[in-house]
Amino acid sequence: MTASPYVIAVVNQKGGVGKTTSAVNLGACLAASERPTLLIDMDPQANASSAYGIVNAERQVYDALIDELPLTSCAYETELETLHVVPAGRDLVGAEIELVAKEAREFQLDRAIKELGDAYEIVLIDCPPSLGLLTLNALSAADAVLIPLQCEYYALEGLANLTETVELVRQQLNPRLGIQGIVLTMADQRNNLARQVEAEVRSHFGDKVYRTRIPRNVRLSEAPSHGQPILLYDIHSKGAVAYQKLAEELLAQLAIKEAPRRPPTLPVAPEAASAEVVSAEPTPASPPSHQATPPPTVNSGT
Ligand SMILES: Nc1ncnc2c1ncn2[C@@H]1O[C@H](COP(=O)(O)OP(=O)(O)OP(=O)(O)O)[C@@H](O)[C@H]1O
Ligand SMILES: [Mg+2]
């Protein structure tokens with residue numbers, strides 16, 4: 001791998017297709033393979049943040065986009081040592097408007113990620129269900145898009161619009177942007193229409209479509225309310241097994257040669273202390289060894 005992280009935007013303008021579930025659980029599975037991973041929540045709904053038990057965080061991706069704070073000062077540790085999360089919140093709705101007035105408005109996330117240097121190997125970005133400025137920032141910062149696709153009637157139409165957008169962004173904003181892969185979510189092999197849509201997607205996109213399908217699995221929908229990824233909530237569930245397989249496919253594509261390593265130590269962000277972390281055993285951001293300040297205490301929310 002190069003000195004900068006490999007950046008993947010999890011994107012589909014269609015709502016409720018499994019973007020957040022995929023970003024959250026793929027992030028956990030990549031981190032469990034000891035690849036230092038940063039998950040950035042770019043959706044004002046903040047579902048990826050709450051899936052890790054982070055709600056109403058004092059520092060958010062907004063601060064990196066608009067006030068140009070370093071992303072590491074907006075990042076929170078998780079129960080997985082190799083995974084950090086930059087949360088979102090309602091401020092992001094405003095960010096979309098504030099970005100309009102900013103110079104290089106499509107490149108604010110790209111700038112923030114470039115400042116990370118080699119702190120992480122992989123950055124995953126959970127995008128909102130729209131193609132507005134927040135998603136454009138994600139696409140301008142990404143090496144590739146990962147597209148969760150639910151095999152429904154309108155899926156192909158939506159996919160055509162999305163690949164056109166990716167092409168436009170590649171031509172006008174980010175020449176390195178590619179399609180990492182398409183993952184079929186909430187798959188139901190007993191459903192005829194779903195099988196037909198899958199066959200069509202595979203015939204159009206060939207090996208860009210991951211072999212692993214994510215099945216519909218109730219444990220996947222329960223895990224966020226416990227503030228945990230499926231790997232920690234129920235490692236034996238079908239959903240956990242599927243996301244681990246997907247992570248294996250993705251890692252094989254990336255062909256990372258480096259030995260496993262640890263993520264960076266986060267700088268002390270005192271405001272982080274006021275984030276209401278509701279997961280079972282949250283770990284507060286710990287200070288670098290040269291820092292005299294004590295680590296912030298994180299409200300357990302219980
Ligand atoms: N494989 C699955 N099995 C069962 N439920 C799932 C699965 N994937 C996602 N869900 C559920 O479907 C809903 C939508 O999923 P998710 O939030 O991941 O989609 P999204 O594309 O991020 O939505 P949005 O466009 O609103 O951001 C959630 O309630 C989630 O728990
Ligand atoms: Mg989402």
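Let's start at the ligand: 19 residues surround ligand 1, and the closest are K19, T20, T21, P129 and S221. A residue counts as near a molecule or strand when its C-beta atom, placed from the backbone, lies within 6 Å of it. Two or more shell residues come from each of α1 (19-32), β8 (178-187) and α9 (218-222), and α1 gives the largest share, three residues. By type, the shell divides into five nonpolar, eleven polar and three charged residues. Here Ala, Val, Leu, Ile, Met, Phe, Trp, Tyr, Cys and Pro are nonpolar, Asp, Glu, Lys and Arg are charged, and the others, Gly among them, are polar.

Some housekeeping before going on. This is a predicted model, in which local features need pLDDT of at least 70 and side-chain atom pairs count only at pLDDT 80 or more, while totals for chains, interfaces and linings use all residues. Residues are numbered from 1 along each chain as its sequence is written, and chains are lettered from A and ligands numbered from 1 in the order in which they are written.

Now the overall layout. The protein has eleven helices and ten strands, where helices (H or I, at least four residues) and strands (E, at least two) are DSSP runs numbered from the N terminus. Of its 302 residues, 50% count as buried. Buried means that 20 or more other C-beta atoms lie within 10 Å of the residue's own, exposed means 12 or fewer, and partly exposed is in between, with C-beta atoms placed from the backbone. Among contacts between residues at least 6 apart in sequence, 76% join residues at least 24 apart; a contact needs C-beta atoms, placed from the backbone, within 7 Å.

On to the sheet. Eight strands form an open sheet in the order β4-β5-β2-β6-β1-β7-β8-β9, with mixed pairing. At the edges sit β4 (76-77) and β9, each pairing on one side only. For two strands to pair, DSSP has to find at least two bridges between them. The table follows one end of the sheet, strand by strand.

| Strand pair | Sense | Bridges | One bridge partner pair |
|---|---|---|---|
| β1 (residues 6-10) and β7 | parallel | three bridges | V10 and L146 |
| β7 and β8 | parallel | seven bridges | L146 and G181 |
| β8 and β9 | parallel | three bridges | I182 and V209 |

Take α7 (155-172) to begin with. Its 18 residues reach 26 Å from the first C-alpha to the last, close to the 26 Å expected at 1.5 Å a residue; the expected span is 1.5 Å times one less than the number of residues. The buried residues of α7 are A155, L159, L162, V166 and V169. They cover an arc of only 85° around the axis, so they lie on the same side of α7; the arc is that of the directions from the helix axis to the C-beta atoms. What covers them includes α6 (133-141), β7, β8 and α8. Over on the other side of α7, E157, A160, E164, E167, Q171 and Q172 are exposed.

Then there's α8 (residues 192-205). A194, V197 and V201 are the buried residues of α8. Their arc around the axis is only 65°, which puts them on the same side of the helix. They pack against β7 (144-150), α7, β8 and β9 (209-215). The face turned away from that buried side carries the exposed residues N192, Q196, A199 and S203. After α8 comes G206, whose phi is positive, near 50°.

A couple of other backbone spots deserve a look. Most residues other than glycine have a negative phi. Which value does the phi of E34 take? It is near 60°, a positive value in a residue other than glycine. E34 is placed in the loop between α1 and β2 (37-41), and it counts as partly exposed because it has 16 C-beta neighbours inside 10 Å. E68 also has a positive phi, near 60°, and is found in the loop between α3 (61-65) and β4. With 12 C-beta neighbours inside 10 Å, E68 counts as exposed.

How values were computed:
Contact = placed C-beta atoms within 7 Å.
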